Amino acid sequence: MSRAALSLLLASCLCSGSKLLESHTAARTGLKSSHSILLKRANHSIAQTRARSASRLQAFSSVDALSSVVHKTAYYGNIHIGHPAQTATVVFDTGSGNLMVPSTLCDDSACLRHKRFDPSKSSSAENLQSDGQAAGPLDQRDQLTVTFGTGEITGVFLRDDVCIGHLCANMEFIGASHETAEPFGSFDFDGVLGLALPQMTQGTHFSIMDRMEAAGNLRHPIFSVFLSDSDEEDSEITFGDVKEERMVGSMFWVPVSRQTGYWQVQMEDIAIGNKQQNLCSDCQVAVDTGTSMLAGPSAVIGELTKRLNVAPDCSNYQELPDLGFVVAGHVMNLKPSDYVDKSAGSCSPSLMSLDVPPPNGPLFIFGDPFLRKFYSAYDLRRHRVGFAVARHVGVPEARAQALLVSLGSGVQKGFLSK
């Protein structure tokens, strides 16, 4: 039996209670359409958040130390697999590449507390070996083992129709046959739908975006993510389009800088109060919907923490400056409420240390705190990431626009700019 080892990870991310189609006849092609899923934000315990953040860090680096907890939120969404459709609640994760859900082959406690996909109840399901060839009923199955920090998942290879609303793709994915209790037993979601670039998948047939694009089902080979900033609005992921009503001003686009599989772009510097600090002239940033943290190289985070000078007793909280990240000639700013953990009269920067060596590093991770302030879009065909200030309920447009400061570079703007 061949056994592949792979390092992915789960953390806090996108989650939905949206109503999707309960059954499908066949995966249609040539739709040239888009579909949005409204997402609900859920809060989670410190212990759960720490476990997810630790697992996410392990995938980028060997760093173990996690000294604090960042934003305790998670976002989930429903997909449907097979005919008739079986529902799975998944993380829509730009930091991993494959779809992985529990299957009925798994009797571990972590699987039993989640929905399990049953291939025998889907008329379109196919059992596969790792090379994509059919697996007979008496064949020994190839399996994949995936490590998530301190836990691991083992699974078999499957092919079936996977649908997000009316948009479907016939694709290959992993059905878990074993899951460790830690950390998976504590997760509210069933599995993960990886939305990274194809380099991070087991193959192009494992990428839902690649498969939907090949079938001609997407209006544009793009998905976009809006995360709510309060309980007064819904979060949303849109497949096949960018929604102008979710942004303030124009979207600017940045090319993917490294062929790692991550949606990774170059960062030119860090700014404090819109003043560049010469802290990180050649850093890389992975935009990651699958984590609830901001992270960066330990040396940079250490110096940045000194310069921010957040008082532990919160005495200077009201005077703290904006923290900005300079990308493609734009400063994308976060407010103190975005980068400081403030509770019970105590304050500390919510910035994690993460050391990734060259050529992929030095690497920053932009997770939920950043993505709640900036609407993001991911262009599969042109290998680029789009950013715009997110339009939030109750936030005046002038205040929102002030989060994005242009340094005057001639970057691409507009959704369909070439």
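The model is a predicted one, so local features need pLDDT of at least 70 and side-chain atom pairs count only at pLDDT 80 or more, while totals for chains, interfaces and linings use all residues. Residues are numbered from 1 along each chain as its sequence is written, and side-chain values use heavy atoms, with hydrogens and water left out.

The link of C163 and C168 is right-handed, with 110 degrees about the S-S bond. Both C163 and C168 are buried, where buried stands for under 20% relative accessible area, exposed for over 50% and partly exposed for what lies in between (1.4 Å probe, protein chains only). The structure holds four disulfides, and with the bonded cysteines numbered in sequence order the pairing reads 1-2, 3-4, 5-6, 7-8.

Another of these links is between C106 and C111, whose sulfur atoms sit 2.1 Å apart. The torsion about its S-S bond is about 85 degrees, so this disulfide is right-handed too. C106 has a relative accessible area of 0% and is therefore buried; C111, also at 0%, counts as buried.

C314 is joined to C347 by a disulfide as well, at 2.1 Å from S to S. Its S-S angle is 110 degrees, making the link right-handed. This pair ties together distant parts of the chain, 33 residues apart: C314 is in the loop between helix 5 (298-308) and strand 21 (323-327), and C347 is in strand 24 (residues 346-349). Here helices (H or I, at least four residues) and strands (E, at least two) are DSSP runs, numbered from the N terminus. C314 and C347 are both buried.

What about helix 5 itself? Its buried residues are V300, I301, L304 and L308. They sit on the same side of helix 5 because they span an arc of only 95 degrees around the axis, the arc being that of the directions from the helix axis to the C-beta atoms. In general, an α-helix has 3.6 residues a turn, so residues three or four places apart point the same way. The face of helix 5 turned away from the buried side carries the exposed residues A299 and K306. Packing partners of the buried residues include strand 20 (294-296), helix 6 (336-339) and strand 26 (363-366), with contact taken as heavy atoms within 4.5 Å. Just after helix 5, N309 adopts a positive phi of about 55 degrees.

Strand 22 (residues 330-334) and strand 29 run antiparallel and are joined by three bridges, with H330 opposite S406 of strand 29.

Elsewhere, D142 occupies the loop between strand 8 (126-128) and strand 9 (143-148). With a relative accessible area of 12%, D142 is buried.

Notes
A disulfide is a pair of cysteine sulfur atoms within 2.5 Å. Two strands pair if DSSP finds at least two bridges between them.
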